[in-house]
Structures are given as structure tokens and as C-alpha cells.
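Here is a friendly walk through some side-chain contacts. Have the viewer ready and follow along.

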Amino acid sequence: MGIFRVNHKKQSDEQLLRMMAKGDERAFDEVYQRYASKMAAFFTRKLKHDKEKGEDFMHDLFAKLIDRPELFDPNRSFKTWIYSVANNMCINEYKKMAVRSNTNNGLSSDLQVSANNLPIEEQLFEKDFSSDLEKAMAKLEEKHKEVFVLRHIDGLSVKEVAEVMDIKPGTVKSRLFYATKKIASVLQVYDPTKVS
Amino acid sequence: MEDHVKNIILEKKWFELTMKERMCLKDWAQNEEEFDALKLTFLSAEELRQENRGEKVSPSVKHRLDERFAQKHVHKKELWLNRVFIFFFPKDVAVYKKPAFQLVMVALLVVIAIPFLWQKDTPRYAMSEKHLEIEIWNKEKEVQKSKSNSAETKTTSKMGSEDNEIPVPEITPEEQQPGFKIKSFEKLEEPILVPLNADAYEVETEIHEDVEIEIAEQIQPEIQSLKEVQGDFSKKRAVEKRKKQHKHVNPEETLDLLTVLY
């Protein structure tokens, strides 16, 4: 019940989180506006391009933030914290998926029989990689791909990527260099005429 | 460093690069093909980034989260409001004992008192007749005293400022009678004749004459105005008579005083 209205757009993420924990609904709206689409895209990309699943994961992440705001350490950067949590959620999901795939005798539940007569390999290809870049990224190792995505798609700095992945900045730089060179070479093969 | 390289690749073409820039990109691109491939990589990444940014999340997710947020915090708000309400309007308490009522009353008192706090009017008290008489007497005495002081400075005599204060006697019941007559006020101011030596006597008479004239001139309007205010003229006369009676100066004392002074 402040006398003056707070301009939530000018507040930092950390300040917004503090206000949110006190029950400020507008602070929550602002945090949601800043990170909802980013997180949804992050989850969708990491979870085999399943948009619905991505949104569900994003919902779970924000629900966690609402229920237990004390989980966030105000001394840390919120951006790196939320990406770390999202990353950990994906890792947990991979583990669950691995268990499920074992119980399904090696058949992935994502690959279902569809009306079109395309082979499963092509279905997978069409579903997962909508652009040349994504096709190129799919050829990368997970650790290299992750660094590249966080740096160039999500726009995190080298330091932030290092914090999210819990590795040294030097390691991030070397992985980034390798990933960029690899993607460039793949893209050159896919469509070399695209460069103007 | 990495951002610098990215900027060079995005902003320039291979043939536009300076030698310094080529040295900078040595590890990244050795020839034009590699340079173009890198450019394509960064452009595609930027494109994908923009796509992700523009991607809209289903509104149902937000709706569910809003409900969750409201459920979590509405209890807190209600509790806070209830506490305030209970404090200001407690149950089973008389109306005048409720803090809200008391606060309103205090505020009202303050609002009423504020206009009277900074008034600069001097107080005008009701005066009794007796007080008026005393005031007239004091005023006359003050004028007389000031004039005598000025006369003393004129003659440059070493006469000390004698205390002319004469105690105001109380009014006797006889004097308070309406028919009681006193001598005229002007006669009150007659100079007191004191047997002195020749010089002293001359000085003294000069002073008294001056004072008598000046006093008569200055006091007259004041007395007139005061007389108008005063209803009972007879009482005033009684006071004047008393003043005359008490103004009698012992010549011996005066003589002693003057001899001491000279």
C-alpha cells in the first residue's frame, strides 16, 4: 500500500521478485512478460520441439516461483537462476524419458503412427528441425549445442552461460568456438547460396 | 572479444576487411567461404532469436498462473485488512471508546483550534470603575514624573530624581457617596511651596510653573476622554481629593533633602 505507484517496467528482475514475494500482482505480470516466451521457447527447444510440453514446463516453473519465491537467492542474478532451474528441469525430464523409453522397449512415445505415410525418420526430421540452423545444431553434441543456444539464441553473456551450466567461462568460450565453427561448416553445405 | 568478432562478421564483407581485422578473425575464418558461413550462422541465430521472441504463449497458462497467485496472496491481504478494521472498530466497546471515533474527535478539535492559534489581537478586558480611576491617577502621575525629569535636565541642577510615587489610598465609604464634593482637579497640581534659600527657591518655582502649564495642556484631552468613559463623576472627584490630601509634602523633609543635594 505505497503512496506512490511503482513503475514496474523500470524495476530490475531481482526487485520485482522481492515485490512479487510480498504479493504484488503487477510485479508478477512484469516478470511473466519478460520471461514467459523465452522460457517457453527454451523448453520447447530442449524437449524435442513439443510446444505444449514446453508451455507446461514453463507453467510449472512459474508455479514454483509463486509457491516458493524464497527459493530464489536475491544475491544472484534472476536471469541465470531461472535458466539454471529450467535447465535442471530439462535434465530431470531427460532422465524420466530415458526410464520411460526403457519400459517401452526402446520405442519413443513421441514417435506415433500418423496418417501421412512418411517414414518415421523423416517425421522426426520434419518435426524437430524447422530451419537450417536447427538442422545444423542437431548435429552438435548436447554440451556444445546448449552453449550456442544460450549464447546466441537466448542472448546470455559468456559469464551468464557459465553460471547457468556451472562451468568455467573459458570452457564456455572454447565450446562456443567449436560449436560456431561446426554449425558454419554444416550451413555451408546445406545452403551456401543464402549468404548475400 | 567474441562480440567484436561477431560484429565484424555481421557488419562487413570479406573484401572490406582491413589487415588488422583479418588478423583478428584469423582463428575464425581463413578464407571468404568460411567467413560467409560464419555470417550465415550468426544471421540465422539472430533470426531464430527474433522468432522465439515473437512467439506467443497460450493465454490459458497466464490465466492459471494468475489464479494460483491470487490464491496464494489473497489470504494475506484479507488478514491485513481485517486486522486494521478490528483495531479501529472493536466489538463490544462503547462508541466513544472506539479508536476510530476518538481519532475523528481529536482531528475535529485540531481543525477547530487551528483558526485561533495565530490571532494577534491584544486582549481587551472589562474594567471596573475602580480600576479606571486608578488608571487615570497613574497616567497623570506618569506625565507629571516625565515632565519633572525633563525640567531637571534643563536646569542642569544636581537635584536627584526623587521618587514621587504616592500611594493610592483606598476609597472610604464616605467618599463613595454620590453627593461627596472634592476640589477641582486643576487645583491638585498647585506647586508645593517650600521655604528654601533664594536661588533654590527660584529654580523650584520655575520648574513648577513649567510643569504646571505643560501638564495642564497635555493631560486635559486625556482626562476629558476618560471622564466621558467614566460614568460616575463624583467618585472621580473623591479620588482627586484624596490625591490632594496625600500630596502634602513636609517642608522640613524637602529642606533637608535639598541641603543634602547642594
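## Aromatic pairs in chain A

Both A:F43 and A:F57 are buried. This is a predicted model, and the two rings form a tilted aromatic pair, with 5.5 Å from centre to centre and 50° between the planes. Since A:F43 belongs to helix 2 of chain A and A:F57 to helix 3 (residues 51–67) of chain A, the pair ties together parts that are 14 residues apart in sequence.

Looking over the whole structure, a search finds 15 aromatic pairs over all chains. Take A:F42 and A:Y83: their ring centres are 5.5 Å apart and their planes stand at 85°, so this pair is edge-to-face. The cut-off behind that label is an angle over 60 degrees between the planes. A:F42 sits in helix 2 (residues 25–46) of chain A, while A:Y83 sits in helix 4 (residues 78–103) of chain A, so the contact ties together parts 41 residues apart in sequence. Are these two residues buried or exposed? A:F42 counts as buried because its relative accessibility is 1%, and the limit for that class is under 20%. A:Y83 is buried too, with a relative accessible area of 0%.

## A cluster and two charges over rings

One aromatic cluster is formed by A:F28, A:Y32, A:F62 and B:F69, with members from chain A and chain B. If you select A:Y32, you will also find the charged end of B:K62 over its ring, 5.3 Å from the centre.

Which residue lies over the face of B:W14? There you will find B:R22, at 4.6 Å from the ring centre.

Now to the charged pairs. Side chains of opposite charge can pair when their charged atoms come close. Over all chains, a search of the whole structure finds 12 salt bridges.

One of them joins A:E93 and A:K53, whose closest N and O atoms are 2.9 Å apart. This pair links distant parts of the chain, with A:E93 in helix 4 of chain A and A:K53 in helix 3 of chain A, 40 residues apart.

A:E70 and A:R68 form another salt bridge, and here the closest N and O atoms are 3.6 Å apart. A:E70 is exposed, with a relative accessible area of 55%, whereas A:R68 is partly exposed at 47%. Chain A also holds a network of salt bridges that links A:D13, A:E30 and A:R34.

## A salt bridge between the chains

Which side chain meets B:E34 in a salt bridge? The partner is A:K181, with an N to O distance of 3.8 Å. This pair crosses between chains, running from helix 3 (residues 32–54) of chain B, where B:E34 lies, to helix 9 (residues 169–190) of chain A, where A:K181 lies.

B:E34 counts as partly exposed because its relative accessibility is 26%. A:K181, at 28%, counts as partly exposed as well.

## The buried side of a helix in chain B

Finally, turn to helix 1 (residues 2–11) of chain B, where B:E2, B:V5, B:K6, B:I8 and B:I9 are buried. Why do these residues fall on the same side of helix 1 of chain B? They cover an arc of only 160° around the axis, which places them on the same side of that helix.

Note on methods:
Residues are numbered from 1 along each chain as its sequence is written. Chains are lettered from A and ligands numbered from 1 in the order in which they are written. This is a predicted model: local features need pLDDT of at least 70, side-chain atom pairs count only at pLDDT 80 or more; totals for chains, interfaces and linings use all residues. Side-chain values use heavy atoms; hydrogens and water are left out. Rings of Phe, Tyr and Trp (its six-membered ring) pair if their centres lie within 6.5 Å; planes under 30 degrees apart count as stacked, over 60 as edge-to-face and the rest as tilted. Helices (H or I, at least four residues) and strands (E, at least two) are DSSP runs, numbered from the N terminus. Buried means under 20% relative accessible area, exposed over 50%, partly exposed in between (1.4 Å probe, protein chains only). A charge sits over a ring if NZ of Lys or CZ of Arg is within 6 Å of the ring centre and within 35 degrees of the ring normal. A salt bridge is a side-chain nitrogen of Lys or Arg within 4 Å of a carboxyl oxygen of Asp or Glu. The arc is that of the directions from the helix axis to the C-beta atoms.
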